[in-house]
Amino acid sequence: MLAFTADEAWEFVPGKPTGSVHESTWQPRSISRSDAEMGAWAGLFTLREELLPELEKARQAKAIGKSLEARAILRGTDPLLVDAKTHLEYLRELANVSQLEVELIGNGVTEVEVVRAEGQKCERCWHWESDIGQNAQHPTICGRCVEAVKQFKI
């Protein structure tokens, strides 16, 4: 099944050199990242490691089921939080939560609070969002998914 799926995806690759992905020769390529970008990602992963145990505690306390049912709130003045505020969507995806807030208050210690996400569950992405039902053509999905679906509508 994966072989067929790979060939189907290959049909959409622009400028492909062969008729089948299985006839292609792959050339390894290196990916370069700036020191600033690598530092930002390291910080996001550090914050993720602080957040994951709190998500598990909330699960065990039955406050949430899956992590996508969560709204995580990070508070503190740690420099990592300043950077996280800039890359909020990346951290939200890394933590696999529906909603994420960063509040730059208090002392240098990062405080993590996990509560149930607000809104309803999107049938497409499973994120809990407050804008579900605002599009009459797609009443069960969130605004972000509506935009994605519009791009591929034939």
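Leaving aside its neighbours within four places in sequence, which residues is Val102 in contact with? I started my notebook with that.

**Ground rules.** I am reading a predicted model, where local features need pLDDT of at least 70, side-chain atom pairs count only at pLDDT 80 or more, and totals for chains, interfaces and linings use all residues. I number residues from 1 along each chain as its sequence is written, and side-chain values use heavy atoms, with hydrogens and water left out.

**Entry: Val102.** I looked up the contacts, meaning heavy atoms within 4.5 Å. Beyond the neighbours within four places in sequence, Val102 touches Leu74, Leu81, Ala84, Lys85 and Leu88. Val102 lies in strand S2. I take helices (H or I, at least four residues) and strands (E, at least two) as DSSP runs, numbered from the N terminus. Next I checked accessibility. Buried means under 20% relative accessible area, exposed over 50%, and partly exposed in between, with a 1.4 Å probe and protein chains only. Val102 is at 5% relative accessibility, so Val102 counts as buried. Val102 and Trp26 are 76 residues apart along the chain, and their C-alpha atoms are separated by 42 Å.

**Entry: Gln99.** I stayed in strand S2, residues 99-103, where Gln99 is found. Is Gln99 buried or exposed? I found a relative accessible area of 14%, so Gln99 is buried. Leaving aside neighbours within four places in sequence, I listed the contacts of Gln99 as Ala70, Arg71, Ala72, Arg92, Ala117, Glu118, Trp128 and Glu129.

**Entry: helix H2 by itself.** I moved on to H2, which covers residues 35-60. I checked its length first. The expected span of a helix is 1.5 Å times one less than its number of residues. For the 26 residues of H2 that should give 38 Å, and the end C-alpha atoms are 38 Å apart, which agrees. Which residues of H2 are buried? I wrote down Ala40, Gly43, Leu44, Leu47, Leu51, Leu55 and Ala58. An α-helix has 3.6 residues a turn, so residues three or four places apart point the same way. I then asked what the buried residues of H2 pack against. The partners are strand S1 (70-75), helix H3 (79-86), H4 and strand S3 (111-116). Glu37 is also in helix H2. At 32% relative accessibility, Glu37 counts as partly exposed. Glu37 and Gln137 are 100 residues apart in sequence, and I read 39 Å between them in space, C-alpha to C-alpha.

**Entry: H2 against H4.** Two packed helices are described by the angle between their axes and the distance between the axes. Axes are lines fitted to C-alpha atoms, for helices over the stretch in contact, and angles run from 0 to 180 degrees between N-to-C directions. H2 and H4 (residues 88-95) pack at about 45 degrees, with their axes 9 Å apart. That makes H2 oblique to H4. The classes are: under 35 degrees roughly parallel, over 145 roughly antiparallel, 65 to 115 roughly perpendicular, and the rest oblique. On the H2 side, I listed Trp41, Leu44, Phe45, Leu47, Arg48, Leu51 and Leu55 as making the contact; on the H4 side, Tyr90, Leu91, Leu94 and Ala95. I sorted the contact of H2 with H4 by class: ten nonpolar, no polar and one charged residues. Here Ala, Val, Leu, Ile, Met, Phe, Trp, Tyr, Cys and Pro count as nonpolar, Asp, Glu, Lys and Arg as charged, and the others, Gly among them, as polar.

**Entry: H2 against H3.** At what angle do H2 and H3 pack? I read about 105 degrees, with the axes 9 Å apart. H2 and H3 are therefore roughly perpendicular to each other. H2 brings Ala40, Gly43, Leu44, Thr46 and Leu47 to the contact, and H3 brings Leu80, Leu81, Asp83 and Ala84. The contact of H2 with H3 divides into six nonpolar, two polar and one charged.

**Entry: loops.** Lys62 lies in the loop between H2 and S1. Its phi is positive, about 65 degrees, in a residue other than glycine. Lys62 is exposed, at 71% relative accessible area. Asn96 is in the loop between H4 and S2. Asn96 too has a positive phi, about 60 degrees, although it is not a glycine. At 36% relative accessibility, Asn96 counts as partly exposed.
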